[in-house]
Amino acid sequence: MGDKGILHIFPDYMRNKWGNVANHADGLWEIRLRVYREIILIFRGKEFFLDKGGQIVSDIRKADVMTEQDMEAIFHHICDYSVYAFSDEIRQGFLTIPGGHRIGLAGQAILEEEGKIRNMKHIRYMNIRISHEIKGAADLAMPFIYENGRLQDTLLISPPGCGKTTLLRDMVRQISDGNPFAEGMNVAVVDERSEIAGCYMGCPQNDIGKRTDIMDGCPKAIGMMMLLRSMSPQVLAVDELGSAEDMKAVSRALQCGSRIIATVHGDSLEDAMAKELWNHAGKNKIFGRYILLGRIGDECRIMAVYDKDFQLCCV
């Protein structure tokens, strides 16, 4: 992603200030904006700040503070000056913009009588998550997710910030397009928070393969069932499984003959399998492969791959 993608987030009058950040976009993970608080930049998991002159600094005392006026200007700019047109996305708490960048929003919730969120106003907090499409991110994993030419149901286990979505995205692309281990397959992605494909107005901003269909902004369990009925996928991909309903949908997909590629939060295989939901999955050998991600220094990497019996395939 070039600097044009970052600068597109900000109105014209702010772009000189954000130009230096855009020049360092490759290592930028998040921009945290809070009205009347310091502007925070997360580079490869480490916290920095933006000063008034647009320089990246490590001393919070030199940090510039986000004003209410600038926050309003950014918000209206990313909504293309038509907030009403994006009301459905705002109600869910995030927007996806060209380039696949995802902007989390918080402010004052407007509730309906039954307690559901109808909309939000007075947006005073933003978490801008920068999309990094890394083609080849799954190269090291691909040989291990096939057995005798057959794709294995695979669960990626990762602590936060270790690249599981990036790895999942590239797996989807390679499975869809075909790779040295198998021909391309029809893949369906349930992208509940628009992080895998990074859809903007329904169109993926990331390359997720020639044979991939996407259900964007839909709860995982509902989306999996809808895609099974409507798109007849050979493979279903989903990020951050976590509920009993998610696992019921996974079981249903397996009964229908679809392969599953999914992710879950966990610091280790033991940590993930100790949870009641995943303990059940492990005992019933739902997944044929478990890929553990972790970080060594500033580098995220695959730490180990296990088979359905939790035997180590590689380190």
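Student: In helix α3, which residues are buried?
Tutor: In this predicted model, helix α3 covers residues 68-78, and its buried residues are Met71, Ala73, Ile74, Phe75, His77 and Ile78.

Student: What happens just after α3?
Tutor: Just after that helix, aspartate 80 takes a positive phi, with a value of about 55°.

Student: Changing topic, how many aromatic pairs are there in the whole structure?
Tutor: A search of the whole structure finds five aromatic pairs.

Student: Is phenylalanine 48 buried or partly exposed, and why?
Tutor: Phenylalanine 48 counts as partly exposed because its relative accessibility is 26%, whereas phenylalanine 43 is buried, with a relative accessible area of 13%.

Student: Why is the pair of phenylalanine 287 and tyrosine 290 called edge-to-face?
Tutor: The planes of phenylalanine 287 and tyrosine 290 stand at 65°, so the pair is edge-to-face, and the ring centres are 6.0 Å apart. Both phenylalanine 287 and tyrosine 290 are buried, and ring pairs link Phe287, Tyr290 and Phe310 into a cluster.

Student: One last thing, where does arginine 102 lie?
Tutor: Arginine 102 lies over the face of phenylalanine 94, at 4.6 Å from the ring centre.

Notes. Residues numbered from 1 in each chain as written. Predicted model: local features only at pLDDT ≥ 70, side-chain atom pairs only at ≥ 80, totals over all residues. Heavy atoms only, no water. Buried < 20%, exposed > 50% of the residue type's maximum accessible area, 1.4 Å probe, protein only. Helix = DSSP H or I, 4+ residues; strand = E, 2+ residues; numbered from the N terminus. Phe/Tyr/Trp six-rings, centres within 6.5 Å; stacked < 30°, edge-to-face > 60°. Lys NZ or Arg CZ within 6 Å of the ring centre and 35° of its normal.
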